[in-house]
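Subject: A structure for you to explore

Hi there,

Here is the structure I promised to pass on. Have a look at it first, and then read my notes below.

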Amino acid sequence: MKYIDEFRNRELAGKLKQSIEKEVVAGQQYNLMEFCGGHTHAIFRYGVQDLMPENVKFIHGPGCPVCVLPIGRIDNVIQLVQQEDVILCTYGDMMRVPASNRMSLLKLKAKGGDIRMVYSTQDALKIARDNPEREVVFFAIGFETTTPPTAVAIKTAHAEDLQNFSVFCNHVLTPAAIQSILESPEVRNMGSVRIDGFFGPSHVSSIIGSLPYEFFAEEFQKPVVIAGFEPLDVMQSALMLIRQINTGRHQVENEYSRVVSREGNLKAQSLVAEVMELRRSFEWRGLGMVPYSALKIKQAYDHFDAEQRFNMPTISASDVKSCECPQILRGAKKPTDCKLFGTVCTPENPMGSCMVSSEGACAAYWTYGRFRQQQHT
Amino acid sequence: MTAKKQNRFPVGLPIRKGIVDMTHGSGGRAMAQLIEELFFKHFDNEMLNQANDQASFNVTTGRMVMSTDGHVISPLFFPGGDIGSLSVHGTINDVAMSGAKPLYLAAGFILEEGFPLADLEKIVISMAAAAKDAGVAIITGDTKVVEKGSGDGVFITTTGIGTVAEGIHISGDLAQPGDAILVSGTLGDHGVAIMSSRENLQFETTIESDSAALHTLIADMLVAAPAIHCLRDPTRGGLATALNELAQQSAVGMRLDEDSIPINPAVNAACELLGLDPLYVANEGKLICICAPGDTNSLLAVMRQHPLGRQAAIIGEVTEDQHGFVQMDTSFGGSRIVDWLAGEQLPRIC
């Protein structure tokens with residue numbers, strides 16, 4: 001595959017491995033957090049950790065949209081399907097996420113709930129057009145990358161006067177979450193978690209640019225390198241982070257310059273700004289309430305806002321007891337620190353959200369990294 | 001068709017424009033006509049034509065094997081095949097993976113009210129052709145009709161039996177540390193061909209399903225190396241799932257080399273686009289073979305001479321591992337575990 005295989009090249013990986021080995025200072029620990037699940041996935045799928053020196057550690061962050069959605073929001077859509085007889089359109093990842101009372105969208109579908117897996121917002125619009133007598137709700141989740149398509153769908157529905165279409169908006173914002181992690185007591189007080197640098201998101205940054213990270217690189221004095229999702233991107237970015245750490249710098253650098261600019265995609269940004277606005281606060285699984293960390297649909301488009309249309313209540317639900325997803329999402333614990341990991345919680349029977357999506361830290365650990373644990377015991 | 005039968009049904013089955021209705025499963029005249037003018041006509045063999053509720057044949061001495069497989073694929077027609085040919089290949093392969101020579105098939109149809117007879121005929125013709133090519137007759141069957149909305153066009157269950165020659169003992173629990181792992185060709189073609197023909201996934205490829213009956217390839221392999229340890233066709237869940245099953249059955253581990261696993265570049269590209277891992281994508285005309293290291297070269301040679309094994313390759317070896325992990329040295333230079341498939345990558349692919 002042209003333009004992809006180049007970024008998975010073994011010889012270049014070998015050369016980068018040598019450069020990183022030369023760069024690291026013996027005896028110093030480098031804790032690098034990859035915010036995005038895409039990076040977590042690449043690290044495990046290609047075995048990037050094997051090519052890193054012992055003292056460079058990846059800490060898996062909360063950047064998996066499925067994982068950070070609080071249970072209450074899933075309870076919301078389950079109630080909606082049960083009470084309002086709507087067609088719920090959702091990305092496939094959400095189907096197996098456990099909600100309260102051991103429910104999930106998959107189980108609800110098996111019980112007769114009309115839940116359709118879609119690949120894009122366009123599919124959801126089509127379902128709405130094809131079923132004018134039914135209410136069709138799109139379960140919108142994701143970071144800045146999936147937000148513009150949702151905005152387009154709302155604008156399209158508005159232009160077509162599609163009366164039976166609405167969106168349950170759960171779009172969240174990356175910079176606010178990174179800031180929340182950096183402000184958490186575990187990180188701030190240099191207690192249980194030390195994070196020396198960040199891999200910045202790749203797809204998210206293609207939309208928002210590298211500019212939004214400049215504030216907290218300065219404020220928290222941590223280097224950020226925006227990294228592509230291919231394994232060579234991750235290694236090159238690790239090298240750039242290590243160099244910054246060694247020279248005491250804390251800048252925003254852009255490894256993924258083939259896609260990401262400083263300003264980002266202005267057209268997409270203005271599209272989102274036209275349809276959505278900041279929420280004062282939004283609950284994240286693992287991080288709790290994070291101020292100005294999510295988007296809601298603007299008043300002018302509130303006809304397409306499922307929360308308004310169906311008067312959806314705020315539900316606060318708690319995680320399964322002893323599930324460590326919250327700590328894992330903050331990087332405060334490793335998946336293997338959780339008592340449930342691999343015992344009652346597996347990808348087949350997920351108790352917490354980190355075990356559901358292939359981008360979740362627990363699922364990635366289980367799927368790709370489990371043998372390392374076994375080898376060490 | 002005899003003159004007598006034509007008198008029985010003065011008006012022929014309206015194949016071109018007709019549809020399946022509830023009477024086609026009622027046991028009455030309409031059902032008899034469907035069976036006669038569609039199934040008997042195309043499957044056409046002595047045992048079936050006797051029109052008994054069972055087929056009758058003599059059994060040989062020695063070991064027989066039997067396997068059954070339900071087919072619910074969507075869409076029914078896809079690049080490289082359809083539910084008809086798939087239902088023949090799938091069961092022949094399940095029988096043949098024991099090293100058996102497949103002899104006969106039985107076929108059960110569940111038809112949905114409203115299904116076009118023209119499509120049913122296409123499927124039946126395709127089944128008949130697949131069975132004829134494979135030299136395995138469909139000798140008994142069953143037809144049921146369910147109300148509209150209770151099925152999805154047509155579901156086909158096929159059952160096959162076969163005989164295993166003396167001295168052949170192939171089983172999933174016979175893999176030994178040190179054994180070689182071979183595959184007969186490129187992986188993931190079937191799954192990607194199905195995905196590309198789903199209407200809600202708008203992308204086009206030239207990839208065709210690899211659906212094929214593998215028993216003649218296996219027969220050639222057994223001549224070269226009668227002591228093959230394991231054979232398995234990596235259907236649902238793909239190579240990864242089949243290897244994990246074998247590792248568990250044999251209580252061994254496996255170590256694969258990513259560079260040597262044959263994957264069609266177009267399949268790789270489609271998987272990249274859809275976020276799938278080709279190791280987990282289904283195949284319908286490929287096999288995994290595990291054999292003693294001494295048999296590897298002769299097996300590989302004979303596989304590559306067969307049209308269905310041209311791209312056969314050695315992809316790894318069996319290791320000693322109490323945890324039964326399947327691991328892979330990645331092309332990138334690291335290593336990863338190749339785990340069981342969790343959930344499903346794509347429903348209704350076979």
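Before we start, one term: two residues are in contact if their C-beta atoms, placed from the backbone, lie within 7 Å. Please also keep in mind that this is a predicted model.

Which residues does V167(A) touch, leaving aside its neighbours within four places in sequence? The contacts of V167(A) are F138(A), A140(A), T150(A), A153(A), I154(A), I297(A), F304(A), D305(A) and A306(A).

V167(A) also belongs to the largest nonpolar core, which has 120 residues. Together with L88(A), V137(A), F139(A) and A238(A), V167(A) touches the most other members of that core. Helix 12 of chain A (residues 231–246) provides the largest share of this core, 9 residues. Both domain 1 (1–319) and domain 2 (325–376) of chain A contribute at least three residues each to the core. Another core, of 99 residues, lies apart from this one, and F39(B), I83(B), I92(B) and L300(B) are among its members.

Now for chain A as a whole. Chain A contains 16 helices and 13 strands. Its radius of gyration is 21 Å, close to the 21 Å that the globule rule gives for 377 residues, so chain A is as compact as a globular protein of that length. Along the principal axes, the C-alpha atoms of chain A fill a box of roughly 65 × 45 × 45 Å. Of its 377 residues, 52% count as buried. Among the contacts in chain A with a separation of 6 or more, 75% are between residues 24 or more positions apart.

Finally, the place where the two chains meet. Chain A puts 24 residues into the contact and chain B puts in 20 residues. On the chain A side, helix 1 (10–23), helix 2 (37–46) and helix 16 (361–376) each supply at least two residues. Helix 16 of chain A gives the most, with 5 residues. By class, the side of chain A that touches chain B has 12 nonpolar, 4 polar and 8 charged residues.

Enjoy exploring!

Key
Residues numbered from 1 in each chain as written. Chains lettered and ligands numbered in written order. Predicted model: local features only at pLDDT ≥ 70, side-chain atom pairs only at ≥ 80, totals over all residues. Helix = DSSP H or I, 4+ residues; strand = E, 2+ residues; numbered from the N terminus. Nonpolar A, V, L, I, M, F, W, Y, C, P; charged D, E, K, R; others polar. Rg over C-alpha atoms; globule rule 2.2 N^0.38 Å. Buried ≥ 20, exposed ≤ 12 C-beta atoms within 10 Å, placed from the backbone. Core = buried A, V, L, I, M, F, W, Y, C linked by C-beta atoms within 7 Å. Domains from an automatic or database assignment.
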